[in-house]
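Here's a quick briefing to read with the structure open beside you.

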Amino acid sequence: MEVSTRKFYPLRPIQRWLIDTHFNKAKSTMMNIGGLYKLSPRIDIHHLADAINEVLNTYDIFRCRLVFHPETFELCQTFDGKVMPVVIEEWTDEEFTLIQKYLAEPYDLIDKPLYRVYIFVTPSANYLYADFYHAIMDGVSAAIVFYRELDKIYRGRTIKRTPLSYADFVEEEANLPPETLAEGHEYWKKMLAPFDPKKHLPPVDVHGVAAWTQGNFEYEFKNISNEFFRDNRLSEHIFFLGACMLTMAQITGSKESIMSWIHNGRTNMREMRLMGLMLEQLPCAWDFHEDLSVGEFLHKLFGQTQISMLCRKSLDVVYSGGFEDDCVSFIFQKGMNGDLILGDMPIEVVYMPPNEISAVENALDVEIEENDKGFYELFLDYDAGRYSEGSMVHFAKTYDEVLNRMKNLDARTDDILGG
């Protein structure tokens with residue numbers, strides 16, 4: 001009998017949860033991240049292709065394959081797959097317009113490449129399309145680490161340091177002693193014990209639409225700008241997270257808010273350089289029966305997030321328990337979705353609208369970004385099988401009013417929630 005020489009690595013808990021979530025709508029692109037970029041005409045596409053191929057061959061995440069373990073039959077991962085080089089294709093402008101909405105395709109998950117990179121040449125412009133499966137790459141890897149390394153190589157610099165291995169990171173994490181995780185497991189179980197989707201999610205107001213149908217709504221907050229944070233030296237992340245929790249309590253008519261927030265999973269320089277899926281989705285909970293000033297609430301909420309970060313290696317109990325499938329998820333980002341620079345030349349992001357195979361990952365994702373005018377934009381990705389656009393408009397306006405009232409740090413949470 002031939003003995004396999006492949007080395008098998010377990011899935012990280014968040015990888016397993018993302019893949020399990022995808023199985024809810026397996027033929028969708030809910031786990032595709034990346035996008036389409038219009039290149040400066042001064043960019044040498046063949047030099048660019050060589051630079052991309054060097055990045056792909058340098059980092060082991062691009063050799064990642066999902067496979068079934070031959071002995072346990074558990075879904076796991078290997079890092080010995082063949083690197084698929086960038087593809088250069090030529091199209092007419094008319095053809096390229098037609099194919100754009102079909103660029104994002106579902107991934108075949110078992111023992112297949114989990115990324116796609118193309119360069120498209122058209123008479124009017126050249127484009128780069130880079131798409132990654134979310135269970136191997138997160139936004140920081142796709143939008144920052146990948147393009148940072150690509151820019152260095154395009155400029156003629158070599159990657160001098162030894163590239164960090166995602167396989168090594170997975171193995172180190174898998175070998176953590178169980179006793180080091182036990183306290184964190186109890187922390188998360190206690191926090192999530194009261195969670196009830198009927199109580200801690202916005203009321204469902206849509207019926208008869210397929211589950212996980214993607215809905216999008218955008219809104220610019222009218223009542224707050226970055227000047228407020230410069231004057232008060234408050235954490236934008238904690239302020240907007242606290243406001244989201246108050247908004248959820250107000251909309252649900254509950255004095256409790258239980259949801260989650262996303263951290264990029266990188267807490268040191270080593271982790272900042274890793275190419276792979278590092279983010280974590282951490283639960284947060286608050287009981288508003290205790291009336292606090294806004295300042296007190298934010299201070300205590302910050303403390304909770306710090307404790308949660310200490311317990312993030314124990315999140316397996318959260319991901320396996322089903323909580324993340326049915327909760328509101330919050331993320332605050334700066335500088336993640338803007339245009340990129342490659343060799344001092346611009347790469348312009350091209351908007352790709354959802355299509356018939358798009359799907360949403362969570363019941364409701366709440367994303368906030370600062371725009372170039374110093375204001376904040378709210379992006380809601382929601383399950384249109386549960387919620388109407390009207391309910392999202394109501395959510396956004398309620399959120400805006402809560403932010404306005406929270407600018408008075410002496411205001412009481414009871415007053416914001418209406419007593």
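Is Arg233 buried or exposed? Arg233 is exposed, because its relative accessible area comes to 79%, and over 50% counts as exposed. Keep in mind that this is a predicted model.

- Most residues other than glycine have a negative phi.

**The six-stranded sheet**

- Six strands make up an open, mixed sheet, and reading across gives β4-β5-β6-β1-β12-β11.
- The edges belong to β4 (87-90) and β11 (340-342): each has a single partner strand, so one side of each has no neighbour in the sheet.
- On average, neighbouring strands here are turned by 30° against each other, ignoring direction.
- Inside the sheet, β1 (residues 32-39) and β6 (residues 126-133) run antiparallel and are joined by seven bridges.
- If you want a landmark, Tyr37 stands opposite Leu128 in β6.

**Helices across the sheet**

- Helix α2 (residues 45-58) lies across β1, β4, β5 (115-121), β6 and β11, and runs at about 175° to β5.
- Helix α4 (residues 139-154) lies across β1, β6, β11 and β12 (345-350), running at about 20° to β11.
- Both lists of strands include β1, β6 and β11.

**Aromatic pairs**

- Searching the whole structure turns up 32 aromatic pairs.
- Take Phe96 and Phe120: their ring centres are 5.3 Å apart and their planes meet at 50°, so this pair is tilted.
- Phe96 belongs to helix α3 (residues 93-99) and Phe120 to strand β5, so the pair links distant parts of the chain, 24 residues apart.
- Both Phe96 and Phe120 are buried.
- Then there's Phe221 with Tyr399, whose ring centres are 5.1 Å apart with planes at 65°, so that pair is edge-to-face.
- Phe221 comes from strand β7 (residues 214-225) and Tyr399 from helix α13 (residues 389-406), so the pair ties together parts that are 178 residues apart in sequence.
- Phe221 is buried at a relative accessible area of 1%, and Tyr399 counts as buried too, at 0%.

**The ring cluster and charges over rings**

- Phe221 and Tyr399 also belong to a cluster linked by ring pairs, together with Tyr219, Phe228, Phe229, Phe239, Phe240, Phe332, Tyr376 and Phe395.
- One of the cluster's rings has a charge over it: Lys222 lies over the face of Tyr219, at 4.1 Å from the ring centre.
- Arg386 places its charged end over the ring of Trp212, 5.9 Å from that ring's centre.

Technical notes
Residues are numbered from 1 along each chain as its sequence is written. This is a predicted model: local features need pLDDT of at least 70, side-chain atom pairs count only at pLDDT 80 or more; totals for chains, interfaces and linings use all residues. Side-chain values use heavy atoms; hydrogens and water are left out. Buried means under 20% relative accessible area, exposed over 50%, partly exposed in between (1.4 Å probe, protein chains only). Two strands pair if DSSP finds at least two bridges between them. Helices (H or I, at least four residues) and strands (E, at least two) are DSSP runs, numbered from the N terminus. Axes are lines fitted to C-alpha atoms, for helices over the stretch in contact, and angles run from 0 to 180 degrees between N-to-C directions. Contact means heavy atoms within 4.5 Å. Rings of Phe, Tyr and Trp (its six-membered ring) pair if their centres lie within 6.5 Å; planes under 30 degrees apart count as stacked, over 60 as edge-to-face and the rest as tilted. A charge sits over a ring if NZ of Lys or CZ of Arg is within 6 Å of the ring centre and within 35 degrees of the ring normal.
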